[in-house]
Amino acid sequence: LGKTSLPGLIGLIRLAAWTVSVDSGPMHLAAGLTDRVLSLHTWSNPAMVGPWRADAWVVIAFGQKLSAPLIADRFAINLHASLLPRWRGAAPIQAAMLAGDAETGVCIMRMLLGMDAGPVLLALRTGIDDQETAGELTERLSEMGAEAIVEAVTMLELGSLEEVPQDPSLVTFAPKIDRERARLDFTRPAIDVVRAIHAYDPKP
């Protein structure tokens with residue numbers, strides 16, 4: 001998470017009943033909350049999570065789908081690093097850079113069972129500099145994402161969130177990147193090679 005909105009986001013976490021972490025994710029930055037941080041093992045068991053009756057789930061880079069019992073009767077939102085419906089999937093930042101997109105952003109969407117398929121509640125946009133690396137863009141988007149979560153939860157409390165369904169005809173996918181996909185192909189046009197170098201920096 002970036003520094004800009006981290007205090008506000010930590011404030012929201014402190015007000016929450018529980019926080020979930022995969023390994024040592026950014027939620028551990030909220031000092032003193034370790035007694036309310038759940039492991040992935042616990043989180044994946046609806047029987048253990050369900051009885052808490054949370055008002056809302058806020059999911060950030062979780063990497064898994066929430067099961068139907070967890071989202072059936074409560075508000076669940078997810079932060080995604082693209083302007084949905086463009087670049088659903090695991091590597092939206094790299095996909096946008098490889099495609100030469102002029103802009104990207106972050107979206108807050110209501111979670112459905114389909115991958116990144118829920119209606120968009122909030123979107124923040126930003127341009128992509130042609131000299132920017134994926135690492136630099138990720139840092140900028142993380143700061144925007146923190147701001148978006150604070151704004152979305154505030155709007156939820158005020159009852160001012162509006163859902164915008166995703167247009168199925170505009171959906172594109174950003175599959176997970178493995179080492180083979182990240183190999184540079186110098187037979188490609190120079191612009192494609194440059195984009196790949198930036199997209200896979202600091203790592204695929």
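Contact means heavy atoms within 4.5 Å of each other. The structure shown is a predicted model, in which local features need pLDDT of at least 70, side-chain atom pairs count only at pLDDT 80 or more, and totals for chains, interfaces and linings use all residues. Residues are numbered from 1 along each chain as its sequence is written, and side-chain values use heavy atoms, with hydrogens and water left out.

**Figure 1. Overview of the chain.** The secondary structure comprises seven helices and eight strands. Helices (H or I, at least four residues) and strands (E, at least two) are DSSP runs, numbered from the N terminus. Of the 204 residues in the chain, 42% are buried. Buried means under 20% relative accessible area, exposed means over 50%, and partly exposed lies in between (1.4 Å probe, protein chains only). Among contacts in the chain with a separation of 6 or more, 57% are between residues 24 or more positions apart. The accessible surface comes to about 11,400 Å², and carbon and sulfur atoms hold 57% of that surface. Accessible areas come from the Shrake-Rupley method with a 1.4 Å probe; for residues, only the protein chains shown count as cover.

**Figure 2. Surroundings of His80.** His80 belongs to strand S4 (residues 75-80). His80 counts as buried because its relative accessible area is 6%. Leaving aside neighbours within four places in sequence, the contacts of His80 are Trp87, Arg88, Gly89, Pro92, Gly105, Val106, Cys107, Met109 and Asp116. The C-alpha atoms of His80 and Cys107 are 5.3 Å apart, although 27 residues separate the two in sequence.

Figure 3. Trp87 is placed in the loop between S4 and S5, and its phi is near 65 degrees, a positive value in a residue other than glycine. With a relative accessibility of 13%, Trp87 is therefore classed as buried. Asp116 sits in the loop between S6 and strand S7 (120-127). The phi of Asp116 is also positive, near 55 degrees, in a residue other than glycine. Asp116 is buried because its relative accessibility is 11%.

**Figure 4. Two cis peptide bonds.** Most residues other than glycine have a negative phi, and most peptide bonds are trans. The bond from Leu84 to Pro85 is cis, with omega near 15 degrees. Pro85 occurs in the loop between S4 and strand S5 (88-89). A cis bond also leads from Asp201 to Pro202, with omega near 15 degrees. Pro202 belongs to the segment after H7.

**Figure 5. Surroundings of Thr104.** Strand S6 (residues 103-110) contains Thr104. Thr104 is buried because its relative accessible area is 3%. Not counting residues up to four places away in sequence, Thr104 touches Ala81, Ser82, Leu83, Ala96, Leu124, Arg125, Thr126, Ile128, Leu137 and Leu141.

**Figure 6. Leu66 and Met111.** Leu66 is located in the loop between strand S3 (56-60) and helix H4 (68-71). A relative accessibility of 6% is why Leu66 counts as buried. Leu66 and Met111 are 45 residues apart in sequence, and their C-alpha atoms are 8.4 Å apart in space.

**Figure 7. Packing of helix H7.** The buried residues of H7 are Val193, Ala196, His198 and Ala199. These buried residues pack against helix H5 (92-98) and H6.

**Figure 8. A nonpolar surface patch.** Leu184, Phe186 and Ile197 form a nonpolar patch with about 310 Å² of accessible area together. Patches are made of residues with over 30% relative accessible area and no salt bridge; like charges are joined within 9 Å, and nonpolar side chains (Val, Leu, Ile, Met, Phe, Trp, Tyr) within 5 Å. A salt bridge is a side-chain nitrogen of Lys or Arg within 4 Å of a carboxyl oxygen of Asp or Glu. Leu184 lies in the loop between strand S8 (173-174) and helix H7 (190-199). Leu184 is classed as partly exposed because its relative accessibility is 36%.

**Figure 9. A negative surface patch.** Asp129, Asp130, Glu136 and Asp201 form this patch. Lys and Arg count as positive and Asp and Glu as negative, while His and the chain ends are not counted. The place of a charge is taken as NZ of Lys, CZ of Arg, CG of Asp or CD of Glu. Glu136 is part of helix H6 (residues 134-158) and is partly exposed, because its relative accessible area is 43%.
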